[in-house]
Amino acid sequence: MRIDVVSIFPSYFDGLTLSLMGKARDSGILDLHVHDLRDWTHDRHRTVDDTPYGGGAGMVMKPEPWGLALDQLAGSSVSETRPTIIFPSPAGEVFTQATARDLATREHLIFGCGRYEGIDERVFEYAASVGEVRLISLGDYVLNGGEVAVMAMTEAIGRLIPGVVGNPDSLVEESHEDGLLEYPSYTKPSVWRDREVPPILLSGNHGTIAKWRHEQQIQRTRDRRPDLLD
Ligand code: SAM
């Protein structure tokens with residue numbers, strides 16, 4: 001999969017050189033490129049923002065650099081198919097595991113990180129002429145910029161690409177994969193600070209353990225996220 005990220009703070013994404021994402025990039029499973037939006041400006045100050053039409057507080061990201069970035073990154077030199085272009089936004093559809101699963105099947109994703117009050121609205125219209133546009137929110141709160149949201153989405157999507165996580169079985173049992181939260185996990189020692197591991201996990205009976213874990217999933221989901229059971 002190819003992923004292009006456009007941001008005015010490219011160094012946010014240095015973390016994607018680490019751990020499983022770093023390995024996926026080194027092995028070529030993930031072809032990830034981070035770009036500085038200011039490289040598509042042409043004035044001395046490399047300006048990416050301006051005051052909003054109609055007045056109001058804050059600045060808005062100018063359309064021109066975004067247009068040039070999309071022309072280059074969504075062009076046929078980079079992508080044979082129309083890319084999926086994702087703009088993180090608190091006003092978008094909420095990102096879930098199902099969104100990650102869907103996006104993990106795409107060949108080419110482009111992420112456009114907004115800053116300030118956001119991006120000139122015409123950029124989304126133009127992007128729809130060169131790709132499939134999705135406005136996606138990380139949750140119902142406001143961040144300073146799209147970078148943290150794109151880091152989270154890239155990791156959630158990337159770990160679903162075959163080969164990124166060493167043991168694919170570990171993906172199946174995660175929270176949200178079957179609509180429930182994951183069961184509690186324990187490791188050695190079996191007693192730690194007077195707290196014992198549930199004896200059933202030491203029984204060696206895989207059928208009973210599987211049943212107990214499923215019950216724990218339901219109980220935990222009922223307690224913490226009853227909305228998922230609806
Ligand atoms: N004025 C915008 C609004 O009220 O909808 C918020 C702009 S926010 C300060 C700047 C940028 O942060 C947004 O363009 C978006 O890229 C990103 N952002 C903020 N909150 C987000 C969230 N919950 N999910 C995804 N991206 C978010």
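**View 1. Lining of the largest pocket.** In this predicted model, 25 residues line the largest pocket, and P88, S89, P90, E117 and G118 lie nearest its centre. A pocket is an open set of points on a 1 Å grid over the protein atoms alone, where a 1.4 Å probe fits, with protein on both sides within 12 Å along at least five of seven lines; lining residues have an atom within 4 Å of a point. Two or more lining residues come from each of β5 (84–94) and β7 (132–137), and β5 gives the most, with five. Strands are DSSP runs of E with at least two residues, and helices are runs of H or I with at least four, numbered from the N terminus.

**View 2. The second largest pocket.** Its lining has 13 residues, with T96, Q97, S175, H176 and L228 nearest the centre. Helix α3 (residues 97–103) supplies the largest share, three residues.

**View 3. A cis peptide bond.** The bond from K188 to P189 is cis, with omega near 5°. P189 sits in the loop between α6 (169–172) and β8 (191–192).

**View 4. Positive phi at D194.** D194 is not a glycine, yet its phi is about 70°. This residue lies in the loop between β8 and β9 (195–196).

**Notes.** Residues are numbered from 1 along each chain as its sequence is written. Local features need pLDDT of at least 70, side-chain atom pairs count only at pLDDT 80 or more, totals for chains, interfaces and linings use all residues, and side-chain values use heavy atoms, without hydrogens and water.
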